[in-house]
Amino acid sequence: MNSAPKILAIQFKYFGDAVLMTPALRALREQFPRGELHLLVPGEIAPLFERLPSLNRVWPMPRTRGRAALSQTWPVIRALRRERFDQSVDFASNDRGAIASFLIGAKDRLGWEEAGGFWGRKFCYNRRVPREAETLHESACLVRLLSGWNVPPPRSLEAEIHADPALADAAKQILPSERAVVCHVASSQPKKEWPLEHWAKFHRLASDAGREVVFTTANGQREQSLMMELKKLAPYAVVLPFIAELPLFLAVLKRAAVFISGDTGPLHFAAGLGVPVISLFGPSPPARWAPIGPRHQTLTGTSCTCSGHSAICQSASHCLAAISPGQVLDCLGRVNFSKP
């Protein structure tokens, strides 16, 4: 194999899932230090990777969930074809990634060997790796795909992203304190959310302990309604304004002393930025999805009986409700609030 190949990594997944790919990108850089490494991702998540030292270039792909937009995507595909990549690796290996892999035309195309998808997907790769039967952490799983090229695991499986230092002053205007405990209330799946009553009690306990607690959420109608309900339960809680621009949101997260949330994209952003996180897990297995690293702590609720495909908890007793505010406060007491 070429010791200095030109490689395109492809990941057509969103936010938190994509951040967990960064150890695999680091493995490629460690294996091919003189190679050229590019990354193709949906346009809205491209800022997560633009300052990653292992990458030479990030290609944002215009994308609308649920439908193809060839007038927007074809110019990107055509530009990537002109790059003449030696190798490509599709970490998601879904239909969209498989078609892109084939059209871009690298000589050596690596992807997962799995059933499903459109009938021609398996022909889009000329090298395929079967999934492990055992449950691995998602970062370890994505690294394992690289075994198709005999690439060894990286020195660390910790996620890695970087905030834009040019946005530090703007971030300071939004979050002045560097000792703030930032709590993210909402998730894309309601069943992954800690009950609002628990957040309100935690706010009281942490405030009484002298901690500065602030809350964030997304800008959707449901998420904003959650925040309004939380304000009824905790009238003195500080809520950060919604930040639409992902680079600025990352710069604000970088200032946090601690980040607390359920299994969400922002949880993985904070961990990748090096912020200590306390993650609250229930429906999704922490062994696969919890942030890796000595700075991070994970609390797990009771065993979840919900269907993996259900976004809303169907159980009589929500598994995350078993995590008490006192347990979260105990975790907070173990955090070193001194910035490195």
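Tutor: Helices (H or I, at least four residues) and strands (E, at least two) are DSSP runs, numbered from the N terminus. Just after helix 10, glycine 274 has a positive phi of about 90 degrees. The model is predicted: local features need pLDDT of at least 70, side-chain atom pairs count only at pLDDT 80 or more, and totals for chains, interfaces and linings use all residues. Residues are numbered from 1 along each chain as its sequence is written, and side-chain values use heavy atoms, with hydrogens and water left out.

Student: Why is helix 10 called largely enclosed by the rest of the structure?

Tutor: Buried means under 20% relative accessible area, exposed over 50%, partly exposed in between (1.4 Å probe, protein chains only). In helix 10 (residues 265-272), 8 of the 8 residues are buried, so helix 10 is largely enclosed. Among them are Pro266, Leu267, His268 and Phe269.

Student: What do the buried residues of helix 10 pack against?

Tutor: Their partners include helix 1 (15-19), strand 7 (180-184), helix 9 (246-255) and strand 10 (258-262). Contact here means heavy atoms within 4.5 Å.

Student: Why are helix 3 and helix 4 called oblique to each other?

Tutor: Helix 3 (residues 70-83) and helix 4 (residues 95-104) pack at about 45 degrees, with their axes 9 Å apart. Axes are lines fitted to C-alpha atoms, for helices over the stretch in contact, and angles run from 0 to 180 degrees between N-to-C directions. Under 35 degrees is roughly parallel, over 145 roughly antiparallel, 65 to 115 roughly perpendicular and the rest oblique. The two helices are therefore oblique.

Student: Which residues of helix 3 and helix 4 meet?

Tutor: Trp74, Ile77, Leu80 and Arg81 in helix 3 meet Ala100, Leu103 and Ile104 in helix 4.

Student: What makes tryptophan 194 and tryptophan 199 an aromatic pair, and why is the pair called edge-to-face?

Tutor: Rings of Phe, Tyr and Trp (its six-membered ring) pair if their centres lie within 6.5 Å; planes under 30 degrees apart count as stacked, over 60 as edge-to-face and the rest as tilted. Tryptophan 194 and tryptophan 199 are 4.8 Å apart centre to centre, with 85 degrees between the planes, and form an edge-to-face pair. Trp194, Trp199 and Phe215 form one aromatic cluster.

Student: How do you know whether tryptophan 194 is buried or exposed?

Tutor: Its relative accessibility is 3%, so tryptophan 194 counts as buried. Tryptophan 199, at 0%, also counts as buried.
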